[in-house]
Amino acid sequence: MKREPARSFEDLVVWQKAHEFVLAVYRYSEVFPNNEIYGLTSQLRRAAVSIPANIAEGFKKRTRPDKAKFMNIAQGSLEESRYYLILAKDLGYGDSSVIKDQLEEVSKLLEAYLRSIIYSNS
């Protein structure tokens, strides 16, 4: 089944799921202690936002290497987010299992999207 090419980054399922992840991160981190506002809360949110932001930025790049670079940056931010979720759980700031499932879904989609960029014939 051939899909219609995305016309904007918002058409990308990987971006949609990454955006949903960011919204979940904001909700999850709302209950972090006030003393974390400039620490873990800020770091987790920044890393999470970087995922769909880099997908969006990479979408308009003209060459495959440029597109791939931004998707790889998004992957780095995803892994950074993964660590912050582990840390938040270990600090007792809440159960991160559901949000980690979302992160895993984004990770798999991002990997597939990156592969399609690198190995596409067009």
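In which helix do E79 and R82 both lie, and how many residues apart are they? Both lie in helix α3, which covers residues 64–90, and they are three residues apart, about one turn of the helix; helices here are DSSP runs (H or I, at least four residues; strands are E, at least two), numbered from the N terminus. The model is a predicted one, in which local features need pLDDT of at least 70 and side-chain atom pairs count only at pLDDT 80 or more, while totals for chains, interfaces and linings use all residues. Residues are numbered from 1 along each chain as its sequence is written, and side-chain values use heavy atoms, with hydrogens and water left out.

The side chains of E79 and R82 are joined by a salt bridge of 2.9 Å, taken from N to O, a salt bridge being a side-chain nitrogen of Lys or Arg within 4 Å of a carboxyl oxygen of Asp or Glu. Side chains of opposite charge can pair when their charged atoms come close. E79 counts as partly exposed because its relative accessibility is 40%, where buried means under 20% relative accessible area, exposed means over 50%, and partly exposed lies in between (1.4 Å probe, protein chains only).

R82 also meets the side chain of E104 in a salt bridge, at 3.0 Å from N to O. This pair links distant parts of the chain, since E104 is in helix α4 (residues 97–119) and R82 is in helix α3, 22 residues apart. E104 has a relative accessible area of 29% and is therefore partly exposed.

R115, at 41% relative accessibility, counts as partly exposed, and E111 is partly exposed with a relative accessible area of 32%. In total, the structure holds five salt bridges.

Helix α4 also holds L110, which is buried, with a relative accessible area of 1%. Leaving aside residues up to four places away in sequence, L110 touches V14, I55, M71, A74, Q75 and L78, contact meaning heavy atoms within 4.5 Å. The C-alpha atoms of L110 and A18 are separated by 9.0 Å, although the two residues are 92 residues apart along the chain.

Turning to the packing of helices, α1 (residues 13–29) and α2 (residues 40–59) pack at an angle of about 165°, with their axes 9 Å apart; axes are lines fitted to C-alpha atoms, for helices over the stretch in contact, and angles run from 0 to 180 degrees between N-to-C directions. That makes α1 roughly antiparallel to α2, as angles over 145 degrees count as roughly antiparallel, under 35 as roughly parallel, 65 to 115 as roughly perpendicular and the rest as oblique. The crossing of α1 and α2 is left-handed, meaning that the near helix is turned anticlockwise from the far one by less than a right angle, whereas clockwise would be right-handed. Among the residues making the contact are W15 and F21 of α1 and L44 and P52 of α2. By class, the contact of α1 with α2 has 15 nonpolar, three polar and one charged residue, with Ala, Val, Leu, Ile, Met, Phe, Trp, Tyr, Cys and Pro counted as nonpolar, Asp, Glu, Lys and Arg as charged, and the others, Gly among them, as polar.

Helices α2 and α3 pack at an angle of about 160°, with their axes 8 Å apart, and are therefore roughly antiparallel to each other. Their crossing is left-handed, and their contact has 16 nonpolar, six polar and four charged residues.
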